[in-house]
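Me: I would like to learn how to read a structure step by step. Could you take me through some features, giving the general idea before the case at hand?

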Amino acid sequence: MEEHKNIESIFQHIWKSICIGKKNRHSDFHTFSLATCHQNIVKNRTVVLRGYDEEKGIIIFHTNVFSEKITDIKQNDNVECLFYSRKNKIQIRFSGTALINHNDDICREKWNQMSDQSKLCYFQNINPGSTIKKPADIEQNLQDNMSEAFVIISVYIKKTDWLYLSHSGHKRVTFFNNNIDSGTWIAP
Ligand SMILES: Cc1cc2nc3c(=O)[nH]c(=O)nc-3n(C[C@H](O)[C@H](O)[C@H](O)COP(=O)(O)O)c2cc1C
């Protein structure tokens, strides 16, 4: 059976993969690579997919407000989220703009649902990226309040670039502003 035959089903498949990625930590789509660009220097790192909004076209992850990626995003909110599933032979690149949620109701609601283990990494005595003498210098002490360090990043998708690798012919489609009607076949 020919796979990924039409643009509509590809769009639906993208969001189904994102849904599974959020729920299932064993899915290839559970993590993605987040690229930022600051003063012409590109940086990439792995983050966990924590949420999404299919209707609005949003990808969500959590991070530490004192991390370098936040400095980057504050200077330049253009980011790219790269997903790759070896199993499905699919790459998805979402490029868009990142919005930082900090100390707001969105953060408080999520914080209250998090395990102590997840909360703990936001109570670190030394900010991420700082030089330390030895790993044992790091201490984490849980507190009752929501950590100042906790932020939720929402990436508003401007462009989706989907690529499927297959022996019977590679396939590639782009969408703009998460609009199914904007879908176009692209030379892979
Ligand atoms: C599997 C995996 C998952 C990760 N998930 C997150 C995450 O959800 N949020 C995060 O801030 N860092 C996460 N990290 C750590 C980042 O990759 C990165 O090292 C850290 O955030 C510092 O990045 P920065 O200095 O560019 O801000 C993860 C790393 C790995 C290997």
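Me: By class, how many nonpolar, polar and charged residues does the shell around the ligand have?

Reply: Before we count, please keep in mind that this is a predicted model, in which local features need pLDDT of at least 70 and side-chain atom pairs count only at pLDDT 80 or more, while totals for chains, interfaces and linings use all residues. Residues are numbered from 1 along each chain as its sequence is written, and side-chain values use heavy atoms, with hydrogens and water left out. As for the classes, Ala, Val, Leu, Ile, Met, Phe, Trp, Tyr, Cys and Pro count as nonpolar, Asp, Glu, Lys and Arg as charged, and the others, Gly among them, as polar. By this scheme the shell around the ligand has two nonpolar, four polar and three charged residues.

Me: Which residues surround the ligand, and which strand gives the largest share of the shell?

Reply: A residue is counted as near a molecule if one of its heavy atoms lies within 4 Å of it. Here the ligand is surrounded by Arg45, Thr46, Val47, Val48, His62, Thr63, Ser67, Glu68 and Lys69. Helices (H or I, at least four residues) and strands (E, at least two) are DSSP runs, numbered from the N terminus. Strand 2 (41–48) gives the largest share, four residues, and strand 2, strand 4 (58–64) and helix 2 (68–75) each supply at least two residues of the shell.

Me: What polar atoms of Arg45, Lys69 and His62 lie by the ligand?

Reply: A polar contact is a pair of N or O atoms within 3.5 Å; within protein, one must be able to donate a hydrogen and the other to accept it, and residues adjacent in sequence count only if both atoms are side-chain atoms. A polar side-chain atom of Arg45 is 2.7 Å from an oxygen atom of the ligand, and a polar side-chain atom of Lys69 is 2.6 Å from an oxygen atom of the ligand. His62 takes part through a polar backbone atom, 2.9 Å from a nitrogen atom of the ligand. Taken alone, the ligand exposes 620 Å², of which the protein buries 56%; such accessible areas come from the Shrake-Rupley method with a 1.4 Å probe, and for residues only the protein chains shown count as cover.

Me: How do strand 5 and strand 6 pair?

Reply: Two strands pair if DSSP finds at least two bridges between them. Strand 5 (residues 78–85) and strand 6 (residues 90–102) pair in the antiparallel sense over eight bridges, with Tyr84 opposite Gln91. The two strands form a hairpin with four residues between them, and Lys89 in the turn has a positive phi of about 60 degrees. Strand 6 also pairs with strand 7 (residues 150–164), in the antiparallel sense over 13 bridges, and there Leu99 stands opposite Ser154.

Me: How many disulfides does a search of the whole structure find, and why does Cys19 form no such bond?

Reply: A disulfide is a covalent bond between the sulfur atoms of two cysteines, and the search takes a pair of cysteine sulfur atoms within 2.5 Å. The search finds zero disulfides. The sulfur of Cys19 is too far for a bond, because the closest cysteine sulfur, in Cys81, is 17 Å away. The sulfur of Cys37 is likewise too far, since its closest cysteine sulfur, also in Cys81, is 15 Å away.
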